[in-house]
Structures are given as C-alpha cells and as structure tokens.
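Please view the sequence and the model alongside the text.

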Amino acid sequence: MAKSTAKKSKATTTSKENQATLVVTTYDGTRQPIQNKKFLIRIFDGFQNKLFDSYKPAPTTLFKLPYRDNLQDNCTVLVTGDGYVDAGFTPVKLSLRAVAMVDLMLLQDKANFKFLDWKSLKAADNIVANFISLGSSEAQAQVRYEDLRNKKPAALASLLHLITAMKVVQLPSKTPLDYFKSILWDDSLAQDRFFGYADKSLVDQVRRAALDGEFAPEPNPGLFHTDATSSFKQIQFGEANVQLTFHEGSTKSIGGVECIKVEPDIDYYQDIGAHSLLEVIPNSITHNLTDPKKVYVLRWIAGQHAGVPEFTPPYTIEV
C-alpha cells in the first residue's frame with residue numbers, strides 16, 4: 001500500500017508540473033474589460049483537440065492546460081457571447097516559463113462608431129488632428145472631418161486607424177506620417193484606404209525598413225492596386241498590418257518638395273494567400289470592402305498579444 005501511495009503522489013506531482021497557465025480576458029469596443037457577462041470559451045490545442053468548452057464569467061478566466069513541449073502547445077482560443085460578435089486568436093503558445101495572456105475584444109452586435117467632435121479630437125490626439133489638417137486651414141480640416149463623421153463614418157474610422165497605426169511605425173528616419181504633404185479628399189477616401197501625396201524619399205525609407213525585416217515587399221503590386229509601382233506590408237503582427245503602396249507615376253510638387261502618390265491601407269491578414277482567398281476574393285464577389293470594425297478588433301488584439309503599446313484610435317465602438 002505504501003508503495004502504491006508513493007507512486008500516486010509522484011504521478012500527481014508530475015501532472016501539475018506539466019501544466020501551463022493561460023489567462024483569457026475579454027474587452028469591449030471601448031477597450032475596457034467587460035463586466036457582468038458570461039461567455040462561451042473554447043480552447044483547442046495545436047492538433048485541434050478540445051481542451052475546454054464551457055461558459056465562464058467575464059472579464060478574466062485562468063486556465064491550467066497540459067503542456068506537451070511540441071506543436072500541440074500552439075492553442076486556439078475562441079470566445080462567443082449572446083449579442084456579441086465572436087472573437088478569437090491563434091496561435092497562443094503555452095509555456096511552463098511564462099503565463100500565456102490572451103486579450104480579446106468582442107463588439108456588441110448593435111455597436112457603432114462613436115467619434116469625438118473636432119475640438120475634442122484636437123485635445124485627445126493632436127497628431128491625428130494635425131495630419132487631417134495637412135495642406136488646409138484648420139477650418140477646412142474641421143469641415144472635412146465633420147463631413148466624414150456624419151456622412152461616411154466607416155471611411156473616417158479607416159482614416160483614423162491608419163493615422164494611429166502609422167504614427168508608431170518607426171522607419172530608419174521618422175515615421176510614415178512625417179513624409180505626407182496632403183490627403184486626397186475625394187471619393188478615393190474609402191472605408192479601406194486613403195490616398196495622399198508624400199515626399200518621394202518615403203519609398204527609400206520603407207525599402208530600408210524592409211531590409212531590416214520590418215516590412216515585406218508585395219509581388220505584382222498592380223494586381224491588387226491599380227497603377228502601383230511598389231507595395232510593402234508591415235509584418236509586425238499576424239493580422240491587421242499597415243500596407244504602403246506607391247504610385248510613383250503620379251507626382252506633384254508641394255511646397256518645393258517632389259511628392260508621389262501613396263496609398264495606405266490595412267488588410268486583415270499578413271499572408272498574401274490568406275489575404276487573397278479570405279479577403280480580396282470574397283469582397284470582389286460580394287462587392288464589399290474591408291470592414292473597419294473588424295480591422296479595429298484585429299489590430300487591437302494583435303497589439304495586445306505582441307505586447308506593444310495599445311492601439312487607441314481616437315474613437316470607440318459601442319451601443
């Protein structure tokens with residue numbers, strides 16, 4: 001009996017030693033933890049075996065999961081809730097050395113954009129306000145901002161995403177925002193991209209960043225971007241990376257600076273195959289554009305997982 005008890009004790013100890021810790025926290029479109037709700041949390045290992053499938057109270061749940069020291073430790077976490085848009089992340093890598101943290105944003109089904117007015121925007125994020133004011137007076141910038149806010153909210157959300165993302169992209173010298181001289185305030189400003197003119201030296205800066213492994217060149221840029229001469233996508237995250245596409249055949253002198261047309265956008269997926277199959281082709285069939293709500297969620301989750309400063313465009317999505 002004593003021998004059997006000893007073996008059982010040893011087995012129990014070994015089991016605990018081979019458990020990794022995973023913490024899942026749910027947030028809403030205001031970037032705050034969700035309170036007083038229950039969500040269905042499903043966790044699968046890297047071989048698609050189900051590790052957990054049950055409801056847990058928001059916002060935070062701690063899990064103890066088996067650690068295998070192989071690809072099986074690359075988990076997928078999915079969260080579903082009544083009245084909310086599903087969210088998830090993969091891969092979540094389990095480890096015995098550190099707690100795996102997963103922050104997921106779930107938007108309410110009826111949530112929509114809540115923008116600041118122009119005065120509040122200037123106080124909250126002067127960098128964004130100054131970029132919107134490029135090449136125009138403050139009065140003109142305010143009119144353009146409020147016009148988008150009232151008539152094309154999805155396009156305004158996309159513009160705010162891109163400005164917020166680009167202001168923290170560090171090139172060998174400065175950020176992409178520092179090279180722009182104007183924004184095209186026409187129908188090309190859409191819910192998935194905008195066009196503007198920037199100092200042509202931005203092309204060289206992005207190419208140098210690509211050599212440093214910060215961006216990846218897109219083959220055949222004209223395939224997805226008409227008249228494009230080159231295109232580079234940020235590779236910092238698995239999803240929602242900034243892409244800068246250059247139209248070097250379209251030039252303009254602004255304030256004595258030779259400028260070229262630049263097209264910033266954010267795709268759902270980093271991989272060009274996934275981008276084509278899961279975004280471009282479906283959009284071409286349905287005639288839809290990339291959804292800025294989905295971009296907002298993906299970029300925020302990707303940044304949280306990467307441990308970089310929080311993605312905080314100057315607006316929220318709420319009911």
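The points below are grouped by topic. The model is predicted. The largest pocket has a volume of about 390 Å³, and the count of aromatic pairs comes to 12.

**Largest pocket**

- The lining of the largest pocket comprises 20 residues, of which Asp86, Ala87, Lys294, Val297 and Leu298 are the closest to its centre.
- At least two lining residues come from each of strand 5 (74-80), strand 6 (87-93) and helix 8 (292-306).
- Helix 8 gives the largest share of this lining, with 5 residues.
- By class, the lining holds 10 nonpolar, 6 charged and 4 polar residues.

**Aromatic pairs**

- The ring centres of Phe52 and Phe63 are 4.8 Å apart and the planes stand at 70°, so this pair is edge-to-face.
- Phe52 belongs to strand 3 (residues 50-57) and Phe63 to strand 4 (residues 60-66), so the pair ties together parts 11 residues apart in sequence.
- Phe63 is buried, at a relative accessible area of 5%.
- Phe131 and Phe180 also form an edge-to-face pair, at 5.5 Å centre to centre with 70° between the planes.
- This second pair links distant parts of the chain, 49 residues apart: Phe131 is in helix 3 (residues 126-132) and Phe180 in strand 9 (residues 180-183).
- Phe131 is buried, with a relative accessible area of 4%, and Phe180 is buried as well, at 3%.

**Cluster and charges over rings**

- One aromatic cluster is formed by Phe113, Phe115, Tyr296 and Tyr315.
- Over the face of Phe113 lies Lys293, 5.7 Å from the ring centre.
- Lys294 lies over the face of Tyr268, 4.4 Å from the ring centre.

Definitions and conventions: Residues are numbered from 1 along each chain as its sequence is written. This is a predicted model: local features need pLDDT of at least 70, side-chain atom pairs count only at pLDDT 80 or more; totals for chains, interfaces and linings use all residues. Side-chain values use heavy atoms; hydrogens and water are left out. On a 1 Å grid over the protein atoms alone, a cavity is a set of points where a 1.4 Å probe fits but cannot get out, and a pocket is an open set with protein on both sides within 12 Å along at least five of seven lines; lining residues have an atom within 4 Å of a point. Grid points are joined across faces, edges and corners, and a volume is the space filled by probe spheres set on the points. Helices (H or I, at least four residues) and strands (E, at least two) are DSSP runs, numbered from the N terminus. Ala, Val, Leu, Ile, Met, Phe, Trp, Tyr, Cys and Pro count as nonpolar, Asp, Glu, Lys and Arg as charged, and the others, Gly among them, as polar. Rings of Phe, Tyr and Trp (its six-membered ring) pair if their centres lie within 6.5 Å; planes under 30 degrees apart count as stacked, over 60 as edge-to-face and the rest as tilted. Buried means under 20% relative accessible area, exposed over 50%, partly exposed in between (1.4 Å probe, protein chains only). A charge sits over a ring if NZ of Lys or CZ of Arg is within 6 Å of the ring centre and within 35 degrees of the ring normal.
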